[in-house]
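Thanks, everyone. Let me put the structure up, and then I'll walk through it.

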Protein chains: 2
Amino acid sequence: MALVSTDRRYTGRVINLDVDQVRFPDGATGPLEMIRHPGASAVVPFLDPMTDPDPRVILIRQFRHAAEGPIWEIPAGRLEPGEGPEDCANRELSEETGYEAGELHRLTTILTTPGFTDERIHLYAAGVLSQVEAHREWDEYLEVHPLPWSRIMAMIESGEIVDGKTLVALMFVQCIVRQP
Amino acid sequence: MALVSTDRRYTGRVINLDVDQVRFPDGATGPLEMIRHPGASAVVPFLDPMTDPDPRVILIRQFRHAAEGPIWEIPAGRLEPGEGPEDCANRELSEETGYEAGELHRLTTILTTPGFTDERIHLYAAGVLSQVEAHREWDEYLEVHPLPWSRIMAMIESGEIVDGKTLVALMFVQCIVRQP
């Protein structure tokens, strides 16, 4: 697909909305709505070595207007202008949880919902944590919860964890990294 | 958080954009951009029994403007007005792949990216497939690929699969459903 033209319809605090005219593989053209997003990083913070049988991980419980209540997530946030994904992961981890990572391992990168946004989230696991001070942003109302890995897997199975990036990062660790 | 007021800024083909005034837990109010979406279903179609050691699954390869090229996905699509998530999963499976499901198992439901949209995707695994005719939508340019489970797990590990819903559904089967 090729971009023919783009028309910015909304400029916001977090997102912008464009209506792009796109040429499809068969030569036809049509409009596609596209939410432009700067990208983000998210991190699974391990309080114990990832190879332990049942290591503790920090999850946050955060009010989300989209969910009409609090949901479970891993620490995450948007890339600042010029900021790299690893620096963003480290910054968001310390801002949201009060912990700094001694080690950061890249997991994978996701397109959150490519039908209407170019948002990419870079996923990491963090280890060797040391405590610093938390600096929370004005619109983040969140609690920090250390939870054992077995409990987190049960929360995935029961449907208690619904956030897409959080599910991908946790199960990537379980299926790919922790597999023998 | 409580909704104080809402202002529709854009009405589109797939999505609508609202700027909501929201009251936060501390009593302050502020604006939040919210993409309203009707919701969707997505399905992991198993050509062989899920309990086989290396069952084949149908993935689709689809051009996505947001990815500036083709990406791997499971069959998926938006809920039509009044349509339930299971009916949507069955319809999208047959429209996109030409297969009908004899069995549908619910996996979980995700919020794709709750920071700026209320989009929920209901995830299923389908089995006992029988071939029917495919009816593709005008904007879907996709190929249908049966692939062995072991190959799909390798594609997750290597970062070849980047779509959020696809990663959650496949790893939910691997981590939760197929685990002993």
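First, a term: helices are DSSP runs of H or I, at least four residues, strands are runs of E, at least two, and both are numbered from the N terminus. For a helix, the expected span is 1.5 Å times one less than its number of residues.

Ground rules next. This is a predicted model, where local features need pLDDT of at least 70, side-chain atom pairs count only at pLDDT 80 or more, and totals for chains, interfaces and linings use all residues. Residues are numbered from 1 along each chain as its sequence is written, and chains are lettered from A and ligands numbered from 1 in the order in which they are written.

Start with helix α3 of chain B, residues 164-177. The helix has 14 residues. From first C-alpha to last, α3(B) reaches 19 Å, close to the 20 Å expected. There is a bend of about 25° at B:Met171. That bend is the angle between axes fitted to the seven residues ending there and the seven starting there.

Is α3(B) mostly covered or mostly open? Mostly covered: eleven of its 14 residues are buried. Buried means 20 or more other C-beta atoms within 10 Å of the residue's own; exposed means 12 or fewer, partly exposed is in between, and C-beta atoms are placed from the backbone. Among the buried ones are B:Leu167, B:Phe172 and B:Cys175.

Now the pair of chains.

How many residues meet? 50 of chain A are in contact with 50 of chain B. Contact means C-beta atoms, placed from the backbone, within 7 Å. On the chain A side, α3(A) gives the largest share, eight residues. By class, that side has 28 nonpolar, twelve polar and ten charged residues. Nonpolar is Ala, Val, Leu, Ile, Met, Phe, Trp, Tyr, Cys and Pro; charged is Asp, Glu, Lys and Arg; the others, Gly among them, are polar. 100% of chain A's interface residues are also interface residues in chain B, so the copies meet through the same surface.

Last, helix α1 of chain A, residues 85-97. α1(A) has 13 residues and reaches 18 Å, close to the 18 Å expected. Its buried residues include A:Cys88, A:Leu93 and A:Thr97. Their cover includes β4, β5 and β8 of chain A. Just after α1(A), A:Gly98 takes a positive phi of about 80°.

Methods:
Two residues are in contact if their C-beta atoms, placed from the backbone, lie within 7 Å.
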